[in-house]
Amino acid sequence: MSNLFFTYIPGTSLIHRLDPRTKIISVMIASMIIFKLASFAEMALIGAVFLILSLVSSIPFKVSMAAVKPMIVFLVIIFLMQLFLTEGTALFSLSGFSATREGLHIGLLLTVKFVYLLLFASLLTATTAPSMLTAGIERMLRPLPLKKAGISSFDLATMMSLSIHFFPLLYEHLWHLKDAQMSRGLDPGRSPFKTVYSLSVPMMRTAFRSAEEVSFAMESRCYQGICRTSLFDPRMQRRDFAALSAFVVVMWVILFFA
Amino acid sequence: MIEITTLNHRYPGGKLSLDSVDLHIEKGEFVVIAGRNGSGKSTLVRHMNALLLPSSGSVKVKGYCTAKNANLREIRRTVGMVFQNPDSQFVGMTVEEDIAFGLENTGTPPERVRQLVDEILELMELSDYKKYTPRSLSGGQRQMIAIAGVLVMEPECMVFDEITSMLDPTSRKEILATIHHINKKGTTVVHVTHMLEEAVGADRLIVMDSGKIVLEGSPDDVFTHPDIIQKHGMELPPVAELSRRLYDSGIIKKKIVFSRDELVEELCRSM
Amino acid sequence: MPIDVKGVSFSYNTGTTLEKVALENINLSIGKGEFILIGGEIGSGKSTLIRHFNGLLKPSTGQVIVDGMPAHEKHVKTKVGILFQFPQNQLFAKTVYEDVAFGPSNFGIKGKQLDKRVIHALQLAGVREELYDRSPFTLSGGEMRLVAIAGVLAMQPDYLLLDEPLSGLDPENKNSLLLLLKTLHSQGISVVIVSHRIADMLFLADRVFLMQDGRVSFKGKPDDYIYSTSSPLPDITSLMKDLRQKGIDVRDDVFSIEDAFDEITRVQKERMVR
């Protein structure tokens with residue numbers, strides 16, 4: 001796994017300084033637009049928007065690519081499924097399945113859409129500190145009637161930041177465990193069932209134990225999931241409203257005029 | 001500060017892990033609780049800030065009974081706790097966020113949180129690391145951050161649950177020095193360990209086994225019962241053990257000596 | 001036949017901007033029947049190094065040869081067993097017995113021979129017989145550790161590597177583990193301990209390696225180690241050094257309470273005679 005995968009890259013660009021909510025809302029708008037688009041011309045314009053934002057935020061392109069790379073297998077599958085399973089004018093055929101011109105068109109479009117989603121999301125995580133991101137999400141969730149479901153927006157935000165925090169920890173555990181079982185002769189290539197079993201059972205235990213330990217640690221530091229404050233106190237400023245309006249206008253123009 | 005009366009604790013489906021424990025901890029005291037793995041020492045201290053509740057008996061912190069839900073916040077603000085494994089007690093993604101966590105929970109305004117966090121970072125010489133992920137630091141530094149995260153809430157009592165057991169000797173010395181320093185500033189300290197040498201300099205040493213307190217007194221007093229200590233799975237510090245053997249074979253006059261310098265002196269006198 | 005490490009370098013994330021050199025031109029050899037300590041700070045490369053001894057990691061350059069075979073051959077894993085930190089975390093099977101049988105059965109050992117190995121390993125590690133058919137997850141932490149140790153011993157390795165074996169152990173468990181290692185060593189098994197606190201174990205060691213920033217910064221006998229290191233010495237050794245300074249002519253290459261006691265009584269008798 002590349003370490004750049006959806007990582008925060010500290011910086012001082014305008015985009016870095018925007019309120020997390022501005023960026024989250026923008027990404028949500030962008031995603032909706034991306035899925036509405038139907039022509040390659042529109043796609044190219046969205047690409048241009050991404051490039052400009054990327055330049056303004058001075059996030060190296062390889063950071064964004066790192067978000068796409070691990071998904072390539074998935075993307076290829078999507079593309080091939082569209083290519084072969086869409087009905088239309090046949091281009092060529094392969095062991096009974098025929099690729100169609102329409103399939104090629106839809107497949108390409110869909111793949112590009114997914115790539116764009118990943119790229120915009122990576123721009124969000126690259127320019128927003130994880131804690132800011134959770135603070136932003138927490139603020140956005142606050143007006144929702146979550147209380148009725150028995151949770152608070154604080155709970156949700158803390159859960160999010162905990163899972164971001166625990167993912168690498170569990171990954172490290174898994175790596176460690178794999179070494180231990182392989183030292184006892186486990187051969188993942190030859191016995192996949194044994195591999196899954198001998199890794200998943202201890203992993204579950206470790207995950208549960210870590211969860212228990214961390215909940216003790218949180219409780220003893222007065223965590224009750226109510227009425228928290230935050231070291232980071234995001235405030236929407238004039239530049240946020242300006243940036244958000246500009247973004248909405250650009251997207252609207254692309255959607256209706258391109 | 002903490003009053004524990006005939007405390008029993010039983011984990012669901014398990015045997016009695018605390019067996020009528022009575023213990024009073026005074027304000028400003030430095031108490032060390034030692035015992036082998038599974039002796040009940042960690043279970044005991046988890047009662048001190050209501051992470052666990054008595055099966056029977058009572059635990060009172062500054063007069064507040066831990067069994068009452070309404071007292072929870074006051075109790076946890078009074079008694080802070082640092083745990084053995086630094087990795088699973090970090091909640092924040094960076095050092096400063098983690099240290100801020102407790103303050104955020106008690107509803108401290110953001111500017112105040114910022115100020116207090118920066119102060120404690122400065123005090124514990126961690127300022128350079130404030131933007132780091134705690135996991136990228138050494139074991140000793142990680143425990144320092146965990147301590148800072150509790151200390152920043154200014155608890156009247158701090159409980160350290162085997163926080164030195166995974167550290168190298170140098171970091172252990174540093175952490176112990178920090179704990180002593182915290183105690184000197186007036187904070188009550190309860191330190192759990194399985195190394196008896198960490199009790200040197202404490203006010204009181206308690207040895208536990210099978211859920212009971214088996215020895216209690218000043219470290220000097222407790223160390224004069226090496227056979228009881230051994231019977232309960234503990235070991236005298238190496239220097240003390242050597243001095244005991246030297247005394248037994250008549251080479252030195254003093255029954256037991258803890259510090260290296262003192263033993264050197266004692267030997268110079270008698271050889 | 002030894003473990004030979006020849007010119008081994010290793011980097012994580014090779015070819016990316018995040019490349020990190022973990023080992024740099026390591027040359028060392030561990031003989032059969034030796035008791036070795038490998039010390040060094042966290043991140044000094046010591047854990048990376050031992051993962052080369054049974055082929056979990058392949059060197060970027062150089063080679064590791066175990067008894068004449070390249071370390072990455074599967075068979076090497078039967079010769080070189082590794083007990084990782086907190087080994088109780090690796091248990092997974094339904095019963096203690098099955099868990100211990102996991103290792104040898106992965107190498108095709110079956111039937112009577114497997115049974116013999118498993119029972120022998122369980123006995124050697126000191127697991128009580130009534131636990132053999134219990135689920136490992138119902139045991140105490142200490143018992144689980146012993147099962148995990150048995151799981152490695154059941155492979156009957158010629159080299160036993162241990163990564164931070166004393167971490168979190170109380171004195172009793174520590175002493176019984178060290179005793180077990182002593183026993184195994186006396187049966188001709190090479191023991192290699194990797195730890196950031198080797199002072200406690202110096203009295204057991206034949207040789208000591210110290211790792212620093214991916215290189216071996218010290219190689220030698222424990223006696224040489226105590227003269228060349230700036231890291232903490234065992235309390236007992238420091239005591240003997242202090243005594244020497246005060247003009248009491250004791251040897252200071254002493255690491256255990258027993259040896260210190262003997263040495264002090266010896267010198268005291270000499271003084272009495274004079």
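Visitor: Which strand is joined to E8(B) by five bridges, with residues 157–161?

Guide: Strands of a sheet pair through backbone hydrogen bonds, either parallel or antiparallel. In this predicted model, strand E7 of chain B (residues 157–161) runs parallel to E8(B), and five bridges join the two. Within that pairing, Met158(B) has Val189(B) as its bridge partner in E8(B).

Visitor: Which other strand of chain B pairs with E8(B) in the parallel sense?

Guide: Strand E3, residues 30–35 of chain B, pairs with E8(B) in the parallel sense, over five bridges. Here Phe30(B) stands opposite Val189(B).

Visitor: How many of the six residues of E8(B) are buried?

Guide: Six of the six residues of strand E8 (188–193) of chain B are buried, so this strand is largely enclosed by the rest of the structure.

Visitor: Which residues of E8(B) lie on one side and which on the other?

Guide: In a regular strand the side chains alternate between the two faces of the sheet. In E8(B), Thr188(B), Val190(B) and Val192(B) lie on one side, while Val189(B), His191(B) and Thr193(B) lie on the other. Both faces are covered, as the residues named on either side are all buried.

Visitor: What is the strand order of the open sheet of four strands in chain B?

Guide: The order is E2-E1-E4-E5, and the pairing is antiparallel. Strand E2 (16–25) and strand E5 (64–65) of chain B each have a single partner strand, so one side of each has no neighbour in the sheet. Strand E4, residues 56–61 of chain B, pairs with E5(B) in the antiparallel sense over two bridges. There, Val61(B) has Tyr64(B) as its bridge partner.

Visitor: How many helices and strands does chain B have?

Guide: Chain B has 10 helices and 10 strands. Its radius of gyration is 20 Å, close to the 18 Å that the globule rule gives for 271 residues, so chain B is as compact as a globular protein of that length. Along the principal axes, its C-alpha atoms fill a box of roughly 65 × 45 × 30 Å. Of the 271 residues of chain B, 53% count as buried. Among the contacts in chain B with a separation of 6 or more, 61% come from residues 24 or more positions apart.

Visitor: Let us turn to chain C. What is the order of the strands in its open sheet of six?

Guide: The order in chain C is E6-E7-E8-E3-E9-E10, with mixed pairing. Its edge strands are E6 (80–83) and E10 (215–220) of chain C, each of which pairs on one side only. From one strand to the next, the twist averages 20°. Within this sheet, strand E7 (residues 159–163) and strand E8 (residues 190–195) of chain C pair in the parallel sense over five bridges. Leu160(C) stands opposite Val191(C) in E8(C).

Visitor: Which residues are buried in helix H8 of chain C?

Guide: In this helix, residues 235–245, the buried residues are Asp235(C), Ile236(C), Thr237(C), Leu239(C), Met240(C) and Leu243(C). The buried residues of H8(C) pack against helix H9 (238–248) and helix H10 (260–270) of chain B, together with helix H7 (222–228) and helix H9 (257–273) of chain C. Just after H8(C), Gly247(C) takes a positive phi of about 90°.

Visitor: How many residues of chain A and of chain B take part in their contact?

Guide: The size of an interface is often given as the accessible area lost when the parts come together. Here the description is by residues: 25 from chain A and 32 from chain B take part. Helices H7 (130–141), H8 (153–183) and H9 (192–220) of chain A each supply at least two residues of the side that touches chain B. The largest share of that side, eight residues, comes from H9(A). By class, the side of chain A has 12 nonpolar, eight polar and five charged residues.

Visitor: Is H7(A) mostly covered or mostly uncovered?

Guide: H7(A) is mostly covered, with nine of its 12 residues buried. Its buried residues pack against helix H2 (20–36) and H8 of chain A, together with helix H3 (95–105) of chain B.

Visitor: How many residues of chain A are in contact with chain C?

Guide: In that contact, 16 residues of chain A meet 18 residues of chain C. The largest share of the side of chain A, seven residues, comes from H8(A). By class, that side has seven nonpolar, seven polar and two charged residues.

Terms used
Residues numbered from 1 in each chain as written. Chains lettered and ligands numbered in written order. Predicted model: local features only at pLDDT ≥ 70, side-chain atom pairs only at ≥ 80, totals over all residues. Pairing = 2+ DSSP bridges. Axes fitted to C-alpha atoms, helices over the stretch in contact; angles between N-to-C directions. Contact = placed C-beta atoms within 7 Å. Nonpolar A, V, L, I, M, F, W, Y, C, P; charged D, E, K, R; others polar. Buried ≥ 20, exposed ≤ 12 C-beta atoms within 10 Å, placed from the backbone. Rg over C-alpha atoms; globule rule 2.2 N^0.38 Å.
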